[in-house]
Structures are given as C-alpha cells and as structure tokens.
Amino acid sequence: MIRLLGWLSALSLVTGLIMGFGVAPRELTQGNVQRIMYLHVPTAWVAYLAFGVVFVASIWYLWNRAARADQLAHASAEVGVVFTGLTIAAGSIWGKPTWGTWWTWDARLTSVTILFVMYVGYLLLRGMIDDRERAARYCAVLGIVGALDLPLVHFSVYWWRTLHQPPSVLKPGAPTMAPVILAALLANVAAFTILYAYFVAKRVHTLRREHELLA
Amino acid sequence: MPDNWTFVVAAYLLAFLVLGAYWRRLVRRDRQLRTRESRRNAPAHS
C-alpha cells in the first residue's frame, strides 16, 4: 500500500510538472516566474493539511491515549515542517523578482514563520523528553495550540494590510484565475497531497516499528 | 516583465533536493529498522 502510494505520488508529480510547465501558459503580467505558484501554493496547502491533521490527531490522543494517534500527529508534524519550510523558501524566491525583496515582515509571512517555528519546537520537545507518554501528552497540547495559528495565517491577508496577495482558490466564490491555470494548480495540489500521504504513511510505519522494538 | 527563469529553476531545484533528502531519510530509517528487526528475530547461537 505504501509502495503504491509512492509510485502514485511520483506519477502525479510528473503530471503536475507537465501541467505547470507544458500545459499552463506564460502568465501575462509576471511572465514565467509565475510558474513558482505551482510549487508554492500546493506546499502551503499541504502545510495547512499537515497541521490540521496534527490538531485532530492530538485531540484523538488526549481523548483515548491511542499510540496510533500520537504516531500520526508526530509524522504529520514532521512532514508539515518540511512543507512549511519549502513554502517559505519558494515564496521568498518568488518574492525577489515580483516584490523586489526576498523577505518582508508582512502579516502572512510573519504568521507562517511563527507556525514553522512552533512546529520545529514541537519536534524538539519530542526529542527532549525521554518518557514517551509524557512527550506525547505535552506535544498533543502544543499540537492543538499551534493549530490556532492556522486561521491567523489564512485570514492575515484580510485582517491586515499586506504585500501578499489574498487567496485565489480557498475563498468564498469562484476562483479568480484562468481555467487552464487553475487546472494546472489543482493537478499540483493533488500531486503534493498524495506525496504528503505517502510521507506520512511511511513515517507512521517506521514510528510503529520503533515503538514495537522498544516495547 | 522578464521571465526570471533562474528563480523558477532555483525554487524547483530546492524543492527537489529537500523532498529527495527527506525521502532518503525515511528509506534509510526503514532499512535500519529492518536490520534491527532481523537481528532481534535471528535465533541465538550457542
């Protein structure tokens, strides 16, 4: 099953690249640099998804102390940190030619950075506590508190005056982009979501085996 | 606006390297666990 997910994610990523570079046209105002969107938006979506899963799994763990819930939260947080780091890096690379700067302390960028630092802290906390049950409990609380930053990240572009543009897809009403560009974006969102599922499944599998070896 | 292909290549190359490195880490961890499991399950020699 995990192997199948791996092959499926490789196939969908290739399809996403073909859609982003072969099918989607050159954007009129930004030129080809806009193609970074097919990487930046899907990784940001996966970051939302990953920390949303951490939130749900953390509540599940505190509810019934299931080791499976803790393993899922741990795996999802780890993958979420990778994807959030990529979102920030890709956004920064896109920002230089379009905004004229690599970085600005804009509300969206700052709130995403806080999210990233919070989940890096989550992973450090796990590593710092030897007692697995206690680490799981503390991390579940941090996983829930950390997820409160998610709405702040998403709505920051509405609540504050920012350089970052408002959402084009995850908003009320129809998406405001050309259908072919939207299709390429959705193909990449699907591809990165499958890759997320593959990474999490593989990580949960190793965490379960580590747990069994230590038992 | 110029196309700035360098930035596009840099972003995708970085993503490829980071995701590839994470995947390799998962595969390596999996292999280490398999070795430990096989050692643990191997019959003890007298």
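Mentor: Buried residues make up 11% of the 46 residues in chain B. This is a predicted model, in which local features need pLDDT of at least 70, side-chain atom pairs count only at pLDDT 80 or more, and totals for chains, interfaces and linings use all residues. Residues are numbered from 1 along each chain as its sequence is written, and chains are lettered from A in the order in which they are written.

Trainee: How many helices and strands does chain B have?

Mentor: Chain B has one helix and zero strands, where helices (H or I, at least four residues) and strands (E, at least two) are DSSP runs numbered from the N terminus.

Trainee: Why are helix 2 and helix 3 of chain A called roughly antiparallel?

Mentor: Their axes come within 7 Å and cross at roughly 155°. Axes are lines fitted to C-alpha atoms, for helices over the stretch in contact, and angles run from 0 to 180 degrees between N-to-C directions. Angles under 35 degrees count as roughly parallel, over 145 as roughly antiparallel, 65 to 115 as roughly perpendicular and the rest as oblique. Helix 2 and helix 3 of chain A are therefore roughly antiparallel.

Trainee: What makes helix 3 of chain A oblique to helix 5 of chain A?

Mentor: The axes of helix 3 and helix 5 of chain A cross at roughly 55° and come within 11 Å. That angle makes the two helices of chain A oblique. Asp70(A), Ala73(A) and Ala77(A) of helix 3 make the contact with Ala136(A), Cys139(A), Ala140(A) and Gly143(A) of helix 5; residues are in contact if their C-beta atoms, placed from the backbone, lie within 7 Å.

Trainee: Which residues touch the most other members of the largest nonpolar core?

Mentor: A nonpolar core is a set of buried Ala, Val, Leu, Ile, Met, Phe, Trp, Tyr and Cys residues joined through C-beta atoms within 7 Å. Of the 64 residues in the largest one, Ile36(A), Ala50(A), Val54(A), Ala73(A), Tyr196(A) and Ala11(B) touch the most other members. Helix 2 of chain A supplies the largest share of this core, 16 residues.

Methods
A residue is buried if 20 or more other C-beta atoms lie within 10 Å of its own, exposed if 12 or fewer, and partly exposed in between; C-beta atoms are placed from the backbone. Two residues are in contact if their C-beta atoms, placed from the backbone, lie within 7 Å.
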